[in-house]
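Please open the structure in your viewer and keep the selection tool at hand. The stops below say what to select next and what is there.

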Amino acid sequence: MSSLTEYFTLSNDVQIHKLGFGTWQIPDGDDTYNSVTTALKLGYRHIDTARAYENEASVGRAVRDSGIPREEVFITTKLPAEVKDYDQARATFEESSSLLDLGHVDLYLIHAPWPWAEQGKDYSEGNIAVWTAMEELYDAGRVRSIGVSNFNVADLESLTASTRIRPQVNQIRWFIGNTQDETTAYCEANDILVEGYSPLATGAILDNPQVRKIAEQYGKTVAQVCIRYLLEKDVLPLPKSTTPSRIAENADVDFVLKPEDVTFLDGLTDTTA
Ligand code: A2P
């Protein structure tokens with residue numbers, strides 16, 4: 001077994017591959033198509049996209065052309081952060097669904113609790129409205145699981161206080177030195193799987209000498225230690241790369257960090273300085 005073929009089990013019993021392939025900032029067209037095709041050839045079976053990435057069509061085409069049976073691939077997409085109204089949520093899902101052209105979506109997330117231009121503003125009512133749309137999509141079998149992204153504890157509490165289905169996932173920015181302890185503990189206590197985007201701090205952690213020291217002890221790269229660290233914490237890593245050798249390297253993480261090394265990494269701060 002490897003992280004590519006092992007699963008976490010969501011609170012609704014849906015299985016999700018432990019390592020996903022992120023596609024944020026990968027341009028639509030050949031870049032996304034080729035990266036996703038490479039990832040699938042290397043054994044990745046979990047692809048993460050979003051309406052806002054504007055690359056869903058290329059993700060869908062790569063999955064269809066791979067010939068891999070649909071049920072063996074896990075596809076996540078996200079409702080744009082700016083959509084906070086029920087009708088628009090239903091319409092936007094239909095756009096994503098037809099761009100992907102893969103039948104059902106495996107996981108559908110609210111991209112953020114607020115529009116990106118108004119970070120921190122209270123959009124509780126809007127989140128409840130779009131969540132109702134997501135619950136209906138879930139009930140209808142259009143999506144196999146539903147969740148949120150970039151939600152903190154207060155955002156989660158206000159959503160779950162007034163809605164029927166608890167989010168099954170919260171996808172947040174998560175890497176060594178940025179472990180979002182309060183949100184992570186809350187999610188763990190409430191059976192919400194944490195997914196970590198930017199596990200390499202979008203590349204900014206790769207020159208960190210302390211992480212490098214650990215990596216050298218294992219004969220691994222800094223990227224591999226960063227990704228492995230999330231797995232040791234039961235956080236689902238979503239590394240991304242457009243470079244085939246790195247896409248392979250990022251999946252070669254079936255080693256175990258010693259508890260004392262995990263503790264050392266736990267204590268690091270300013271890892272991107
Ligand atoms: P590239 O796409 O040119 O390979 P994150 O997943 O934290 O968002 O980080 C993504 C960034 O890190 C991208 O710029 C990607 O560059 C780079 N990257 C991904 N994997 C590796 C790796 N194994 N070694 C070095 N850089 C990597």
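**A loop residue to begin with**

Select Asp191 first: with a relative accessible area of 44%, this residue is partly exposed, a class lying between buried (under 20% relative accessible area) and exposed (over 50%), as computed with a 1.4 Å probe on protein chains only. Asp191 belongs to the loop between α6 and β9, where helices (H or I, at least four residues) and strands (E, at least two) are DSSP runs numbered from the N terminus. The phi of Asp191 is near 55°, a positive value in a residue other than glycine. Most residues other than glycine have a negative phi.

Before moving on, note that this is a predicted model, in which local features need pLDDT of at least 70 and side-chain atom pairs count only at pLDDT 80 or more, while totals for chains, interfaces and linings use all residues. Residues are numbered from 1 along each chain as its sequence is written, and side-chain values use heavy atoms, with hydrogens and water left out.

Now select Gln180, in the loop between β8 and α6, which also has a positive phi, of about 45°, although it is not a glycine. Its relative accessibility is 29%, so Gln180 counts as partly exposed.

**The sheet**

Show the strands next. Eight of them form an open sheet in the order β3-β4-β5-β6-β7-β8-β9-β10, with parallel pairing; two strands pair if DSSP finds at least two bridges between them. At the edges stand β3 and β10 (236-238), each with a single partner strand, so one side of each is left without a neighbour in the sheet.

Select strand β8 (residues 169-173), of whose five residues four are buried, so that the strand is largely enclosed by the rest of the structure. Towards β7, the two strands run parallel and are joined by two bridges, and here Val148 stands opposite Asn170 in β8. Follow the chain through β7, α5 and β8, which make a right-handed β-α-β unit; a crossover is right-handed if, with the strands pointing away from the viewer, the path from the first strand over the helix to the second runs clockwise.

Towards β9, strand β8 pairs in the parallel sense over five bridges, and Ile172 stands opposite Gly196 in β9. The chain crosses from β8 to β9 through helix α6 (residues 181-189), and this β-α-β crossover is right-handed as well.

**Helix α4**

Select residues 124-139, which make up helix α4. Why does the distance between its end C-alpha atoms agree with the expected span? At 1.5 Å a residue, its 16 residues should span 22 Å, and the end C-alpha atoms are 22 Å apart; the expected span is 1.5 Å times one less than the number of residues.

Colour Gly126, Asn127, Val130, Trp131, Ala133, Met134, Glu135 and Leu137, which are buried in α4. What covers the buried residues of this helix includes β5 (74-79), α3 (86-100), β6 (107-110), β7 (146-149) and α5 (153-161). Just after α4, look at Gly141, which takes a positive phi of about 80°.

**Aromatic pairs and charges over rings**

A search of the whole structure finds six aromatic pairs. Rings of Phe, Tyr and Trp (its six-membered ring) pair if their centres lie within 6.5 Å, and planes under 30 degrees apart count as stacked, over 60 as edge-to-face and the rest as tilted. Select Trp24 and Tyr197, whose ring centres are 6.2 Å apart and whose planes lie at 75°, so the pair is edge-to-face. This pair links distant parts of the chain, 173 residues apart, with Trp24 in the loop between β3 (21-22) and α1 (30-41) and Tyr197 in strand β9 (residues 193-197). Trp24 is partly exposed, at a relative accessible area of 33%, whereas Tyr197 is buried, at 18%.

Phe93 and Tyr108 form another edge-to-face pair, 5.0 Å centre to centre with 70° between the planes. Phe93 lies in helix α3 and Tyr108 in strand β6, 15 residues apart, and both residues are buried.

To finish, select Lys18, whose charged end sits over the ring of Phe8, 5.0 Å from its centre, and then Lys213, which lies over the face of Phe264 at 5.7 Å from the ring centre. A charge sits over a ring if NZ of Lys or CZ of Arg is within 6 Å of the ring centre and within 35 degrees of the ring normal.

Technical notes:
Contact = heavy atoms within 4.5 Å.
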